[in-house]
Each structure stands twice: as structure tokens, then as C-alpha cells.
Amino acid sequence: MNKKQFGNLGEEIAVKYLQDNGYSILARNVHYSRFCELDIIAQYKSITVFVEVKTRKNNDFGTPFEAITKKKYENIKKGALYYLSEHPNKNYRIDVIGITLKPELKIEHLQDI
């Protein structure tokens with residue numbers, strides 16, 4: 001499995017998790033520039049939620065959340081603002097879902113980072 005396929009697997013797990021928890025998926029893999037991609041854009045009640053997904057096989061080289069750098073966060077924020085300029089909504093937030101596959105599947109959801 002290459003890096004892109006691995007990332008897609010994590011996003012599929014995250015989409016199912018979100019849908020199971022009452023979110024509607026509005027879009028996936030929205031690109032605004034070479035550096036700005038929004039993994040998942042979802043709706044939860046009246047809130048537009050921008051979800052970054054980080055997947056790891058295990059935590060041997062760090063947790064999924066440790067991969068969110070300040071620069072990565074700034075790029076997500078820029079993408080969210082671009083999206084909101086096209087689809088206005090004053091109620092929005094940025095979430096991160098961390099997925100670890102082994103030794104057992106673990107899904108962690110940080111809201112409103």
C-alpha cells in the first residue's frame with residue numbers, strides 16, 4: 001500500500017466515524033493550492049466542520065496528532081477561509097481525527113482546535 005492509498009484508508013475510516021456520529025459529508029480532498037488541501041468538509045447541525053485526518057500504522061514514530069505542525073494548521077485555516085468565502089457560514093470549526101491502526105484500531109477526535 002503506497003502513501004496515498006494509506007491516507008485514503010484513514011480518510012474512509014474517518015468518514016464512517018463522522019457519519020456514525022451524526023455528521024453529513026459535504027466534500028472531500030478539496031484543494032485550494034499546492035499546499036492547501038482540506039481532507040473532509042462536514043456539516044454537524046448548523047456547524048461547518050473542516051476535518052484534518054492523520055493516520056499512523058502504530059505510534060512507533062509519534063502519534064497522529066504530532067504530525068500537525070503550525071504550518072500545516074495555518075494551511076488548513078487558509079483553506080477553511082477560502083471555502084467559507086464561497087459558502088458563507090459563521091458557525092465553523094476545525095477538527096482533527098487521529099487514527100492508529102495497530103495494535104488495535106484507535107480513533108481520536110479533537111474538536112475545535
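**How the helices, strands and cores fit together**

Modeller: Let's start with helix 1 (residues 3-20), which lies across strand 1, strand 2 (37-44), strand 3, strand 4 and strand 5, and runs at about 155° to strand 1. Bear in mind that this is a predicted model.

Colleague: And what does helix 2 touch?

Modeller: Helix 2 (residues 70-86) also packs on the sheet, where it touches strand 1, strand 2, strand 3 and strand 4. The direction of helix 2 makes about 145° with that of strand 3.

Colleague: What is the pattern of the protein chain, read along the sequence?

Modeller: It reads α-β-β-β-α-β-β, and the total comes to two helices and five strands.

Colleague: What order do the strands of the open sheet have?

Modeller: The order is 1-2-3-4-5, and the pairing is mixed. From one strand to the next, the twist averages 25°.

Colleague: Why is one side of strand 1 and of strand 5 left without a neighbour in the sheet?

Modeller: Strand 1 (24-31) and strand 5 (106-110) are at the edges and each has a single partner strand, so one side of each has no neighbour in the sheet.

Colleague: How do you know that strand 1 and strand 2 pair?

Modeller: Pairing takes at least two bridges. Strand 1 and strand 2 have six, in the antiparallel sense, with Ser24 opposite Gln43 in strand 2. Five residues make the hairpin link from strand 1 to strand 2.

Colleague: What about strand 2 and strand 3: how many bridges do they have?

Modeller: Five, again antiparallel, so they pass the cut-off of at least two. Tyr44 faces Ile47 in strand 3. Their hairpin has two residues between the strands, and Lys45 in the turn has a positive phi of about 55°.

Colleague: Now the inside. Which residues make up the largest nonpolar core?

Modeller: There are 12 of them: Ile13, Ala14, Val15, Leu18, Tyr23, Ile40, Ala42, Val49, Val51, Val53, Ile97 and Ile99. To count, a residue has to be buried, which means under 20% relative accessible area, and joined to the set through side-chain atoms within 4.5 Å. Helix 1, strand 2, strand 3 and strand 4 each give two or more residues to this core, and helix 1 gives the most, with four. Apart from this core lies another, of nine residues, including Leu38, Ile76, Tyr83 and Leu84.

Colleague: What is Ile99 in contact with, leaving aside its neighbours within four places in sequence?

Modeller: Its contacts include Gly10, Ile13, Ala14, Val53, Pro64 and Leu105.

Colleague: How do you know whether the radius of gyration agrees with a compact globule?

Modeller: For 113 residues a compact globule would come out near 13 Å, and the protein chain has 14 Å, so the two agree. The C-alpha trace spans about 40 × 30 × 25 Å along its principal axes, and buried residues make up 36% of the 113.

Key. Residues are numbered from 1 along each chain as its sequence is written. This is a predicted model: local features need pLDDT of at least 70, side-chain atom pairs count only at pLDDT 80 or more; totals for chains, interfaces and linings use all residues. Side-chain values use heavy atoms; hydrogens and water are left out. Axes are lines fitted to C-alpha atoms, for helices over the stretch in contact, and angles run from 0 to 180 degrees between N-to-C directions. Contact means heavy atoms within 4.5 Å. The radius of gyration is taken over C-alpha atoms; the globule rule is 2.2 Å times the number of residues to the power 0.38. Buried means under 20% relative accessible area, exposed over 50%, partly exposed in between (1.4 Å probe, protein chains only).
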